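This briefing walks through a few local features of one protein chain. Please keep the sequence and the coordinates open while reading.

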Amino acid sequence: MKYAIVIPDGCADDPQESLGGKTPLQAARKPNMDRIAQMGLVGLSNNVPASLTPASDVATLSLFGYDPLVVYTGRAPLEAAAMGIKLGKRDWAIRCNLVTVENGQMRDFTAGHISSEEGVTLIKAINGQFTDIAPDDVTLMEFWPGVSYRNCLVCQNVPPGTFSNETKTQPPHDIPDQPIANYLPTGPGSDLLRDVMEQSRKILEVHPVNQGRRAGGKKPATQVWLWGLGQAPKLAPFKKVYGKRGAIISAVDLVRGVGVLLGWKRIDVVGATGYLDTDYAAKGRAAVAALADHDLVCVHVEAPDEASHEGKPAEKVKALEQIDRHIVGPLLAALPTHGDWRILVSPDHRTPLTTRAHSHGPVPFAMAGTGIAAVGQPSYDEVVATTGPMSLAKGHELMQRFLN
């Protein structure tokens with residue numbers, strides 16, 4: 001049996017006035033996703049427990065069949081795995097965004113989607129600048145450059161109690177145009193995190209990269225924003241739990257990191273950007289090719305989520321249409337050539353265009369293939385999902401239903 005999973009990140013939404021009262025899923029031309037609905041079933045799954053922050057880290061663990069209430073330790077350790085960072089028992093990983101803060105407000109959590117080349121230069125400029133504020137027995141505070149605005153800070157040999165589950169941080173993408181003073185870190189270790197964030201402003205303000213961006217009419221990276229901290233998680237290999245060999249295709253370190261920790265093969269695709277300009281067709285070709293050597297192939301696409309964060313309904317619809325045409329369509333054509341097969345399409349979480357932020361709530365999924373009987377649903381969207389035969393309060397149970 002061959003399995004494919006397609007994740008249109010954050011695609012679940014509410015009706016939009018600009019889309020004629022339809023959700024982006026309803027407004028998009030997506031014949032292949034609708035075909036999956038007609039061949040199989042559409043249902044709902046709740047991937048984010050109420051006690052956890054609605055975000056891709058928690059939701060992806062659920063979608064991949066792991067209970068986040070049991071295994072979740074924080075977002076940054078998952079991304080660190082994708083970056084090849086090995087965390088020791090007393091190490092903490094912390095997500096580090098390059099952001100644009102103006103007049104005390106979060107104007108852009110991506111610093112104008114700063115390029116990876118510019119981001120690397122800025123991260124190198126601040127690396128090693130904070131030894132004077134680190135606790136005496138923290139052996140190293142090291143910044144690791146990632147993709148675009150997404151980076152990582154690793155604190156090694158952290159004394160017990162410096163950080164804890166009571167250390168609260170805020171994802172910058174959930175506070176668009178909000179005063180940052182209301183969302184700064186709190187709890188154990190928060191003074192250290194705040195100091196790093198504040199001192200980074202002084203370094204980045206005069207950096208030539210930012211001077212060039214301002215001169216070119218682009219948003220500067222005014223500071224780093226630290227959040228999502230945690231220690232190394234312990235995840236049982238997917239092959240051991242579910243008996244399948246997997247592969248992950250994504251441009252986002254977080255999703256790649258979860259796949260790596262599960263023992264899946266990481267497949268990097270040239271042209272995959274994690275943004276609206278990603279090469280959808282290249283990801284589709286890579287997924288089809290990966291079916292030959294893997295039991296399960298997962299393709300994650302960040303674009304719908306990015307469109308929501310920017311409040312762009314038309315771009316969200318366009319991203320869904322591209323995913324349908326260039327990824328879902330080719331997989332639907334290729335899977336039957338391998339014998340028995342199944343396909344699942346599901347976002348990880350909701351990202352409503354109205355709030356431009358992640359939110360709790362069930363998301364619609366569609367699955368079809370060998371052994372899955374059609375139940376007569378016409379299309380894949382949020383409304384049809386409420387009529388389906390399957391509604392899972394615990395999203396991590398969906399993987400077992402999909403595989404079996």
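Where does Q16 lie? In this predicted model, Q16 is found in the loop that runs between strand β1 (2-8) and helix α1 (24-27).

**The setting of Q16**

- Q16 has a relative accessibility of 7%, and because buried means under 20%, Q16 counts as buried.
- Leaving aside residues up to four places away in sequence, Q16 touches G21, K22 and P24 as well as L353 and T354.

**The largest pocket**

- The largest pocket has a volume of about 550 Å³, and its lining is made up of 22 residues.
- Of these lining residues, T53, Y72, N165, T167 and K168 are the ones that lie nearest the centre of the pocket.
- Two or more residues of the lining come from each of the elements α3 (56-63) and β7 (223-230), and β7 gives the most, with 4 residues.
- Sorted by class, the lining of the largest pocket holds 12 polar, 8 nonpolar and 2 charged residues.

**Helices α2 and α13**

- The axes of helix α2 (residues 31-39) and helix α13 (residues 313-334) come within 7 Å of each other, and they cross at roughly 55 degrees.
- Angles under 35 degrees count as roughly parallel and those from 65 to 115 as roughly perpendicular, so α2 and α13 are oblique to each other.
- On the α2 side the contact involves P31, N32, M33, R35 and I36, which meet L320, I323, D324, R325, V328, G329 and L332 of α13.
- Taken by class, the residues of the contact between α2 and α13 divide into 7 nonpolar, 3 charged and 2 polar.

**Helices α6 and α8**

- Helix α6 (residues 116-126) and helix α8 (residues 208-215) have axes that come within 9 Å and cross at roughly 140 degrees.
- The contact is made by E118, T121 and L122 from α6, together with V209, N210 and R213 from α8.
- The residues of the contact of α6 with α8 comprise 2 nonpolar, 2 polar and 2 charged.

Conventions
Residues are numbered from 1 along each chain as its sequence is written. This is a predicted model: local features need pLDDT of at least 70, side-chain atom pairs count only at pLDDT 80 or more; totals for chains, interfaces and linings use all residues. Side-chain values use heavy atoms; hydrogens and water are left out. Buried means under 20% relative accessible area, exposed over 50%, partly exposed in between (1.4 Å probe, protein chains only). Contact means heavy atoms within 4.5 Å. On a 1 Å grid over the protein atoms alone, a cavity is a set of points where a 1.4 Å probe fits but cannot get out, and a pocket is an open set with protein on both sides within 12 Å along at least five of seven lines; lining residues have an atom within 4 Å of a point. Grid points are joined across faces, edges and corners, and a volume is the space filled by probe spheres set on the points. Ala, Val, Leu, Ile, Met, Phe, Trp, Tyr, Cys and Pro count as nonpolar, Asp, Glu, Lys and Arg as charged, and the others, Gly among them, as polar. Axes are lines fitted to C-alpha atoms, for helices over the stretch in contact, and angles run from 0 to 180 degrees between N-to-C directions. Angles under 35 degrees count as roughly parallel, over 145 as roughly antiparallel, 65 to 115 as roughly perpendicular and the rest as oblique.
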